[in-house]
Every structure is written in C-alpha cells, then in structure tokens.
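The sequence and structure come next.

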Amino acid sequence: MKITEEEKKQIEERFESIFDYCKGCKDKDNEERIRKAFRLAYKAHDGVRRRSGEPYIIHPVEVAIIAAKEIGLGAKSVISALLHDVVEDTDYTLEDISNLFGEKIANIIDGLTKIPEEVFDGQSMQAENFRKTLLTLSDDVRVILIKLADRLHNMRTLESMPARKQYKIASETSYLYAPLAHRLGLYQIKTELEDLSFKYTEPVAYKEINEKLKITEQERSSFVEEFAKPIREKLKTYDFDFEITGRTKSVYSIWKKMQKQGIKFEEVYDIFAVRIVFQVEIPEREKMLCWNIYTVIAEIYSPIKSRLRDWITTPKSNGYESLHTTVMGNNGKHIEVQIRSNRMNEIAEKGYAAHWKYKSDKSGESELDIWINKIQDLLKNQNTNALDFLDDIKASLYVDEVYVFDSKGNTRTFPKGSTVLDFAYAIHTDLAESAYGAKINHGVKIEPLNYKLKNGDKVEILRSSQVQFKPEWENFVVTSKAKSDIRKMRKKSRQSSIHEGIRKLEEALDSMGFVNNSSITKKLLEAYEVQTKDDLYLKIFEQGADVEFLRKSIDRKRKNKDVNYWELQFSNKKPEINVKEIFDINEALSEDSYKIAPCCNPIPGDAVLGLIELDNRVSVHKTTCKEAEGFMSRYGDRIVSIKWKTQKKKSFLASVELHGRDRQGVLHDVTRVIYMDLNVNMRAMSINALDGVFIGHIDFYVHDTEDLNDLISKLEQIKSIRQVRRV
Ligand code: MN
C-alpha cells in the first residue's frame, strides 16, 4: 500500500528530528550523506509495511533516532541505522552500499545483516547470528550499539507480533540483549528492554505493578519533595548548581525483588531513590564535590554506614560512576541517595558512547576497554562453536564483581565466583596450566585452584612442572577466557584419544576381515551404548578393541530400525508440530505428546508456552522460566503457543513455602486446612521449627492456579503464619 500524504508528513518530521539530537549530523557533508541514506532507505522499503500497518521506513528512522538521542551516537551510526535493513530485506547489496557510502558503512551494515537461512547448516541459527553481530565488534563497537537500538524499537512495537514470536524475541532480549546493554553501560536501554520483555512474558504481573506504581506516584513525589527540601536549602548556600529528582525502580526490578524475597509490592522499601546531579566546571574537582555533598546530607539525615557504595574511586567495570549512600528518612524508612556530576550522569545513562566522548583526553585502559578486548580475544578463537560462544559471552556479561591484586600490586576485576584458576588463566595460559594452588594475602596456607576470590585478596600463583592438565578444571572456572582455554586443551587431548580409538578399531576390524562402514558403526554405537561416533572411539580407546565383542555386536541384528536419538540430534530437523497453530492441551490429547517441565512446574492458569523438544514432544514451561529462556534464545523456531484449560480429572504438582512463628498446634492447623480442601491432594510435607521460627514446605496436587491461590489465602489466615508463597 502506498504511503499516504499524512504518513509522509509524519515520516519527514521524525526524520528531521534526528538533527536536533545529533550535533555532528548538522555538519554540511554529514547532513548530505544522512539525507542520501534516508532517500535510499525510503525508496528501498517503498510499498512495504510492518505487521503493525506502519510504512516500513518508520522503523529505520526510529532506530536512527534512538542511536542519536538515547545512545548519543554520531553521523556514521545514523547513516548505518537508516540503512540497517536495506541489504537484508531489499534488492540492494553490500556492494551497492559500499559504492554509495564507503567501506566503513558497508562493514557496519554487514554486521547488522542476518545470515540467510538457506546457507545455514549449524545447530542454532540464533546463536550463529548473534556471533556474527559480535564478530564485527572487533572492528566497530557501533554495530552492537545500533543492534541494541534496533532491538529496542522492535521491542517497543512487539504488540503486533503473534504470541510465539513475542516469546522468542522477548526471551532473547532478556537473555542476551539486556545484559549486553548493561555491560556496555547503557543503563536506560537495559532497563527498558527488561521491562518490555517482562511485559510480554508475565503480562498480568506487569500490569499489576504498573498500576500500583501509578496509584502511588503522587505520594512518592510529595515525599521526595519534602525529603529534598532541607538538602536543597543547604546546597544552595554553598552555591552548588544541581538538580534533585526521585528515581523510581523499574517494574521488572520491583518484581524481581518481590520474587526473591517473597514479599508484596507494598513491602518493597526501596521502590525509589533520590538522585542529585550537579554541574561541575573543573573536572578535577568532581570527586571532591561528591564527598562534599555527601557530608551535607549526612548532617541532615543519618547515613547507614554499611550501605555506602563508592563507585567514584573505583568505577564499575561497565564505566558506571556514582556515590550512593542510604540514609534514615524522617519517617524512619531507608532512602538511597545517589550523588553524581553531570558527566557521571551522562555516562550512567548513555554508557559506552558517552564514556568514549569523555575519554579522549585520558590515557590508560578503562575496565570497559579491557572487557571489549576480552570479547575480541574470544572472537578470534575460531574453535568454539556458536553455542559455546553464546555461553561464554553470557558468562562475560556477569554483573557482580570482585577486585583482587596480582603480585605486582595491580588491581584486577573478576566476575563474582571466580577462582584462583580463573586468575591464573587471566594472567597467562601457560601459568594456569602449570598452577597447583595459590598463596592468598601472603598467608602460609596454600589455597587450592578452586579457592573463590574475595574482594581485596592479594593472589600469588604457585606453579610446578609436575602439574597435569585435567578436563575437570572446567567445573571450577567462571571466566570465559579460562573456559575457552580449557575447552581447547580438552579438545586437543580428546582429539588424540579419538584418533587412537579409530586406529585400534580399524586394526581389529581388519584382523576380522571387515572394513569399517556406516552400518557397522551403527551396530557398534548400539552395542557400546553411546550416541556419537566420537564417544564410540573414545570408549574403544579406553577399553581396547575386544575382537570377540566386536564380532558379536556386528553379527547381531539392529534392535531398533527407527531413527536413533543421535541421528535426530544431529540432523537439525524441523519440528513435526506446526508452530503456527496453537497446541491445545485437552482431555483428548495423548499424554505422550507433551510433558510438564520439571524446572518450573507450571499448572493451568499460569502463563505458559511450549517448546518442541528433539523427540517432538512439547514441554510446557512458564513464560518466565529461566531454562526455557535459554532454550528459546537458541531454538526460537521451536516455540509453540499453548491453550491449557483446567481439566476436572487432572491435577498437577505445585509447592508452597510457609513462614511464621512457631506455636503449639500450628502444624495441626496447616494440615487441617489442606485436608478440608476438596480440590487439593497433599503429596509431601516437611517442617522446620527452630528458635520459634516455623518454616514449612508442602507439595500437593491442584487443578489450576485458582485452586492454588485459594489454598494460599486460606493458609495465610492461620494464626501466626506470616507468609505463604509458591515456590
Ligand atoms: Mn531492524
């Protein structure tokens, strides 16, 4: 459908707004190139509309606006954003782009273009595409930033997609893109991505929290006003140029807190923080001014000492700088106050691009540069397959960190949970492969390789030529560098064992007058009870080739002429179930065709989705299940929407945890409530009572969430039971 006059006006208007957000774009040459890119994209996408009905060109324009306005990128990025879907979706080629806009832009567009499905033969299209995007990181970090802008706009317009696509995109977003945004310091984008993805995976909870936030908004802002008043007056007398605002937590982080602590919305005490942003003329003074403001606040409200967070002396590894303190408000509640300069604030909100902008005059590598170098190392390692790579990247996005010192006294940052071995690998692969332990803080005791690093530890690695590489090492490292190094080593030693196994097998077959072929291999796989050829050769390497056993195995008829599991696993078959149809779980459906995922134990009434497993059974997961999220980020084409109504004759396993004060008769009251309820069948119960505290765990069968919620509210009414929650 042709673009109407009204739409045309709207598109032009949005496009022109780019120049308001990007100063460098007004430069004459740049402006010309940007207009050229816009005209080309306009023409290329002409006649195409998005699922929402909007003309397609609106999407690249919006992505360009996000890149300029919310990430603070410049002209090259704006051009690339405008053109980002041209090669993937239209007849233009990379060569055209290169001729018209130069090689640099063409490279960025290449990084943003998906691998066409027909040339793909690996295990996971999504993992492979993600790897491809990241590969360009080594040339240009802008690719990732534009990709994030693209993802943000797609999430903002996810409404018009069918449900199974919404799950796929939303889970990919919370699994990879939000952590990536966080890692690059794009705090606002990360928060919005998380909230949007939560909106589609847990719509009911999202709506509920959102509404509660709206209702309490007025109350919060008047509280902030009153709280800020004395601070404001005092700071003014010192001639500070500043702004104080209240910052509300995101819907998703409120929900996470409610889940983690098992509390209600009303019980989340730190729903908002107070932020002070001040202008500073002389950059060298900004840290000192942070502490000055801290002192002013501490004179008015008493600070909670243990809650001071100093991210100005040691910034977070994603570049975040800010001074956080928690004080006691007049109402007796704890309030977090964040103190930062305008420069720090810009970095906190726009992340990487802003960090770069301020970096020019500083020398030395920041933690963010170090991370990008680490990713580049990972990318150079051609051996890892896309799925391992995905896990490596995911691991490198870790948020919590520990700081330790090496033997030269330099600080090194590691993800929380890192061990002595991670430390050794970070310094040098050779060092790690000869390490047997470490001295921590000059102690006498030798700590083992799996000792977990603590903040401030001084680490000295001990080495010996006697050390032998062990594949199990992989179990006690968390950093991606260590993981991929260990995997490489393991592969090397595994590969030589496999070769030895093949040699032994062929020698034995030869002595029996056989030649190895696929039908013999299939029989041997069955006889040795392994699933892959490599495993077969490894087993023969370990056990030797017993000629008698081989003869018996080859003579035997194959038990199962059907497809073997290992064939299925490696054939990358499309699922037999039509993902475009809703999978209806009803009385008529065979019980073999689906299963309830044990990782999240959903029951009817929960928001659920289906994943088609390799054996073509549908496993039913909650939409918020972490395991399902990982699966969907790899195999998005195996998601199916599910209709799951309560069945009179079927009940499902659910568990609750009870907390309360222990008193005589409480156990009796709890069991009575459960037995009186006709819709519930108890399966197991365990009780712990210690120092007057009562904690119970009960498993039972219910028909649906209605039964469960009913039971929970009845249990909550029992005297001295303080809290009941589903686990
Ligand atoms: Mn796009």
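The chain is a predicted model with a mean pLDDT of 83, and 88% of its residues reach 70 or more. Where pLDDT is low, the predicted coordinates should not be read in detail.

**Metal site**

A manganese ion is coordinated by His59 and His84 through NE2 and by Asp85 and Asp150 through OD, at 2.2 to 2.5 Å. Along the chain, the donors of the manganese ion follow the spacing H-x24-H-D-x64-D. His84 lies in the loop between α4 (75-83) and α5 (86-89), while Asp150 belongs to helix α9 (residues 142-156), so the pair ties together parts that are 66 residues apart in sequence. His84 and Asp150 are both buried.

**Strand β17 and its partners**

Strand β17 spans residues 652-661, and seven of its ten residues are buried, so it is largely enclosed by the rest of the structure. β17 pairs with strand β19 (residues 693-702) and with strand β20 (residues 721-726), as well as being described here by one residue pair for each partner. Glu657 has His697 of β19 as its bridge partner, and Gly660 stands opposite Ile721 in β20.

| Strand pair | Sense | Bridges | Residue pair |
|---|---|---|---|
| β17 and β19 | antiparallel | ten | Glu657 and His697 |
| β17 and β20 | antiparallel | five | Gly660 and Ile721 |
| β12 and β14 | parallel | three | Ile596 and Val620 |

Strands of a sheet pair through backbone hydrogen bonds, either parallel or antiparallel.

**The four-stranded sheet**

An open sheet of four strands has the order β12-β14-β13-β15, with mixed pairing. Its edge strands are β12 (594-596) and β15 (639-640), each of which pairs on one side only. β12 runs parallel to strand β14 (residues 618-622), and three bridges join them. Within this pairing, Ile596 has Val620 of β14 as its bridge partner. Helix α27 (residues 626-634) packs on the sheet and touches β13 (608-612), β14 and β15. The direction of α27 makes about 50 degrees with that of β13.

Definitions and conventions. Residues numbered from 1 in each chain as written. Predicted model: local features only at pLDDT ≥ 70, side-chain atom pairs only at ≥ 80, totals over all residues. Heavy atoms only, no water. Donors = N, O, S within 2.8 Å, 3.2 Å for Na, K, Ca; no water. Helix = DSSP H or I, 4+ residues; strand = E, 2+ residues; numbered from the N terminus. Buried < 20%, exposed > 50% of the residue type's maximum accessible area, 1.4 Å probe, protein only. Pairing = 2+ DSSP bridges. pLDDT = per-residue confidence, 0-100. Contact = heavy atoms within 4.5 Å. Axes fitted to C-alpha atoms, helices over the stretch in contact; angles between N-to-C directions.
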